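Thanks for coming. Please have the structure open in your viewer.

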Amino acid sequence: MRMRPTLSWTPTGDLPPGTTDLEPVARALGAGGVLVLSGAGLSTESGIPDYRGVGGSLSRHTPMTYQDFTAGAAARRRYWARSHLGWRTFGRARPNAGHRAVAAFARHGLLTGVITQNVDGLHQAAGSDSVVELHGSLERVVCLSCGALSPRRALARRLEEANAGFAPVAAGVNPDGDADLADEQVGDFRVVPCTVCGGILKPDVVFFGEAVPPQRVEHCRTLVREAASLLVLGSSLTVMSGLRFVRQAAGDGKPVLIINRDPTRGDPHAVTRVALPLGAALAALADRLGIPADGGAAAGAR
């Protein structure tokens, strides 16, 4: 089953206002049993733009849909040319203070896990272990014919060899790793096939218009049931893939707390929305709880 892509959401005037008071979040973390749900806003301080914030990529870029990707070779050539270029930027991204704080909370036993809508791997690079990648990861590539998985770095080397000298200047890079390139910059970029069966390769991520695997959704629902509270970090919750867990937690009577500078689609279900920059807010929470945010981190290794 495929979901219809939801690219935008317009806040209504009756949403509760945001606050700068971190105390409710500090109390929830101090009590433990917190499940984190993170979005693209957590990675903006690492140089990866979000979709819908101020200057978000949706203002200039329409993400590739599953339907477009599978419809024809021209769309796949355009995608892989742009993604190949964007991958270089993703490969240089490093965890920021927010990622490191989340890892520190986990090390001190305050979290039951992390569900991330991001595909950048920065939670793991910061030292978080129990991470569910809701939308997959750009670190892997999957064959649509035989299902074989392979490392993205191996594909990057193959694409480099097949497209020697391909080095256009991109206008920007988006949260899905897709660089902004004009059609003429794509040119005759060569796409390479699966090395196992010669089939079509796709990044192991959930495209817009594609459903999250049911077993992954059920695993996340179990995490919500087992958590004492849900903490949303840097997500507008526009798409149902993340919003459903907010609704589930609220329906179960569990506190939902959100840190996001802009209003979110989940605000009506939350006990609070803290409208502060994520890195500073999470570092302040770590300090308030007496937790060294950088101790034992993975030093940004990728």
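Start at Leu35, which stands opposite Leu230 in β7. Before going on, the basis of all this: the model is predicted, local features need pLDDT of at least 70, side-chain atom pairs count only at pLDDT 80 or more, and totals for chains, interfaces and linings use all residues. Residues are numbered from 1 along each chain as its sequence is written, and side-chain values use heavy atoms, with hydrogens and water left out. Helices (H or I, at least four residues) and strands (E, at least two) are DSSP runs, numbered from the N terminus.

Back to that pair of strands. β1 and β7 run parallel and are joined by five bridges. Two strands count as paired if DSSP finds at least two bridges between them. On to β2: strand β1, residues 34-38, is also parallel to β2, residues 111-116, again with five bridges. There, Leu37 has Ile115 of β2 as its bridge partner.

For angles, axes are lines fitted to C-alpha atoms, for helices over the stretch in contact, and angles run from 0 to 180 degrees between N-to-C directions.

How buried is β1? Five of its five residues are buried, so β1 is largely enclosed by the rest of the structure. Buried means under 20% relative accessible area, with exposed over 50% and partly exposed in between, using a 1.4 Å probe and protein chains only. In a regular strand the side chains alternate between the two faces of the sheet. In β1, Val34, Val36 and Ser38 are buried on one side, and Leu35 and Leu37 are buried on the other. β2 is mostly covered, with five of its six residues buried.

What lies across these strands? Contact, here and below, means heavy atoms within 4.5 Å.

Between β7 (229-233) and α9 (240-251) there is a loop that holds Ser236. Why is Ser236 classed as buried? Because its relative accessibility is 16%. Its side chain makes a polar contact of 2.8 Å with the side chain of Thr238. A polar contact is a pair of N or O atoms within 3.5 Å; within protein, one must be able to donate a hydrogen and the other to accept it, and residues adjacent in sequence count only if both atoms are side-chain atoms.

Next, helix α4, residues 97-107. Its buried residues include Gly98, His99, Val102 and Phe105. The buried residues of α4 pack against α1 (23-31), β2, α5 (122-126), β7 and α10 (278-288). At the N-terminal end, Asn96 is the cap, with a side-chain oxygen 2.7 Å from the backbone nitrogen of Gly98. After α4 comes Gly109, with a positive phi near 75°.

One helix pair remains. Two packed helices are described by the angle between their axes and the distance between the axes. For α3 (residues 73-92) and α6 (residues 152-162), the axes come within 11 Å and cross at roughly 115°. The residues in contact include Trp80 and Trp87 of α3, and Leu155 and Leu159 of α6.

Finally, the totals. The chain has 10 helices and nine strands, and 53% of its 302 residues count as buried.
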